[in-house]
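Open the model in your viewer and keep the selection tool at hand. The tour goes from stop to stop.

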Amino acid sequence: MLPMLVVALTAPAAVLAFGAIRRRSRELPTAPRFWVRAAGILLLSAAEVYLFGLVYVAVFWSHVRDVCVSRYQNWDSAYGQARYWPLERKCTAHIDMVPGYVNPLIVVLLVATSVAALLALGRAVLSRKLRGAS
């Protein structure tokens with residue numbers, strides 16, 4: 001419940017950031033504008049997913065053992081340290097408090113951001129060449 005609350009509370013900031021991206025991209029030529037906006041949205045999405053996973057890592061700092069025992073009925077004292085990339089907070093060798101889809105989703109969103117940024121760059125270069133040729 002808490003991770004969803006954190007994402008819901010940060011959603012207005014993401015909406016404001018998207019508005020800023022949209023306003024700034026109006027100054028760009030039409031060709032790369034879509035890809036610049038897509039890259040911005042994907043980057044914001046990756047940040048939100050990271051924040052969602054970070055809640056699982058950071059919220060239970062003081063009482064990791066209690067959370068692991070109550071939620072997963074298992075605890076191994078050799079584990080419990082937080083890792084911030086990839087996001088990880090283990091109770092045992094096989095039980096992680098961070099949902100399994102968080103890290104792959106962050107990677108997919110960052111790769112998609114890179115592809116969109118490269119496409120925007122390619123479209124900008126191509127439109128500049130076509131403008132210069134005519």
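Among the elements of the protein chain, which has the lowest mean pLDDT and which the highest? Helix H1 (residues 2-25) has the lowest, 80, and helix H4 (residues 102-133) the highest, 92. Here pLDDT is the predictor's confidence in each residue, from 0 to 100, and helices (H or I, at least four residues) and strands (E, at least two) are DSSP runs, numbered from the N terminus. This is a predicted model: local features need pLDDT of at least 70, side-chain atom pairs count only at pLDDT 80 or more, and totals for chains, interfaces and linings use all residues. Residues are numbered from 1 along each chain as its sequence is written, and side-chain values use heavy atoms, with hydrogens and water left out.

Next, select Ala-46, Val-49, Phe-52, Tyr-56, Val-57, Leu-87, Val-98, Val-102, Ile-106 and Leu-109: these ten residues form the largest nonpolar core. Such a core is a set of buried Ala, Val, Leu, Ile, Met, Phe, Trp, Tyr and Cys residues joined through side-chain atoms within 4.5 Å; buried means under 20% relative accessible area, exposed over 50%, partly exposed in between (1.4 Å probe, protein chains only). Helix H2 (30-58) gives the most to this core, with five residues.

Apart from this core lies another, of six residues, including Val-64 and Cys-91.

Now go to the loop between strand E1 (82-84) and strand E2 (87-89), where Pro-86 lies. The peptide bond from Trp-85 to Pro-86 is cis, with omega near -10 degrees.

Last, select Gln-73, in the loop between helix H3 (64-72) and E1. Gln-73 is not a glycine, yet has a positive phi of about 55 degrees. Gln-73 is exposed, with a relative accessible area of 62%.
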